[in-house]
Amino acid sequence: MLNKYFLLNRIIKTLISNKFQVFLNKGCFDIAAKKEYKMLIKASFNVDGLSEEHALSLRAISYFISAYPLIVSVKTNRGFLDDKIIYSRFQIPVITPRMFDLLVRNEEIPLIEATKGKHLVAIDCEILKTKRKEMGLSLKELSRLVGISKKALYEIENKRVNPSFETVEKLEKVLKVNLKQSFKLERPRPAYLKPKNNFQRRISKEFRRIGIENSCVYSAPFELVGKERYSLITRLSRDTNEIKRKYQTIKKISSFFSSRAIFITKNARETSINGIPVLLESELKEIESTREFNKLLSEKI
């Protein structure tokens, strides 16, 4: 825990010094950050300790709120991570604190990925092909100069495989050109998690019925995240007392994400709490469309 404490502090210091707004959390993500874009960051000193459940929740939330998911780590069970390599866990990029510093400062980072024990580099294949032809080199001639087969070079030029770091270095030396592409954060693919209880299952099903794409999430201040014309953060609560204990957290996080927050409960007298609409499960069942849903929420505020 001490190691993670220092890792978190370093990440936060880097973000704040680069004018990012920061929101701290415990669970599937540790830090939300935003400036021109949003990031959800999981700090994991040993990335092998990251659970699939946390990773999938991180991806799901990032997808629905239009943020970039990122894991900042120092080591695995086998050793320390390389500051020049982009790793991956459950389709989320993993980078070291030093690389995170470069990323936040918008400095160029060559896209060198660790894949099955190899370090592969993403390159601009059009530049490779154009420069080869300009120099009057055939595939066979260039492949001989860099020490790979003609077939391997053909596969590289046609974007079927990424070359090794060593091959790229040789290609750049022969062609006298920079081929490496830069690492850029990418939006995550949709991730959908299964409900953990019947209440989650029923509410998620009702959302889908009226046309709201959504996913359950775990280890977050909310249980459902969705998207209609806006991002939707939903806290499922059994009664009003639970809502009152949680509304401040939900209000802060929805404001930070520029998302709409709602409470859904089985039993409550209030129609809203401090600007957050409270929707009964029985009311949700009577809604037939997203238009009716938005109208009801507006009436409750």
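Trainee: At what angle do the axes of helix H5 and helix H6 cross?
Mentor: Residues 139–146 form H5 and 150–157 form H6, and their axes cross at roughly 105°, coming within 8 Å. Axes are lines fitted to C-alpha atoms, for helices over the stretch in contact, and angles run from 0 to 180 degrees between N-to-C directions. So H5 is roughly perpendicular to H6 (that label covers 65 to 115 degrees). Keep in mind this is a predicted model: local features need pLDDT of at least 70, side-chain atom pairs pLDDT 80 or more, while totals for chains, interfaces and linings use all residues. Residues are numbered from 1 along each chain as its sequence is written, and side-chain values use heavy atoms, without hydrogens and water.
Trainee: Which residues make the contact?
Mentor: H5 brings Leu 139, Lys 140, Leu 142 and Ser 143, and H6 brings Lys 150, Leu 153, Tyr 154 and Glu 157; contact means heavy atoms within 4.5 Å.
Trainee: New topic: in what order do the six strands of the open sheet run?
Mentor: The order is E9-E10-E11-E12-E14-E13, with mixed pairing. Strands are DSSP runs of E, at least two residues, and helices are runs of H or I, at least four. Two strands pair if DSSP finds at least two bridges between them.
Trainee: And which are the edge strands?
Mentor: E9 (213–216) and E13 (272–273), each pairing on one side only. E13 is antiparallel to E14 (residues 276–280), over two bridges, and Ser 272 sits opposite Pro 277 of E14.
Trainee: What does helix H9 lie across?
Mentor: H9 (residues 240–257) lies across E11, E12, E13 and E14, at about 170° to E11.

Definitions and conventions:
Angles under 35 degrees count as roughly parallel, over 145 as roughly antiparallel, 65 to 115 as roughly perpendicular and the rest as oblique.
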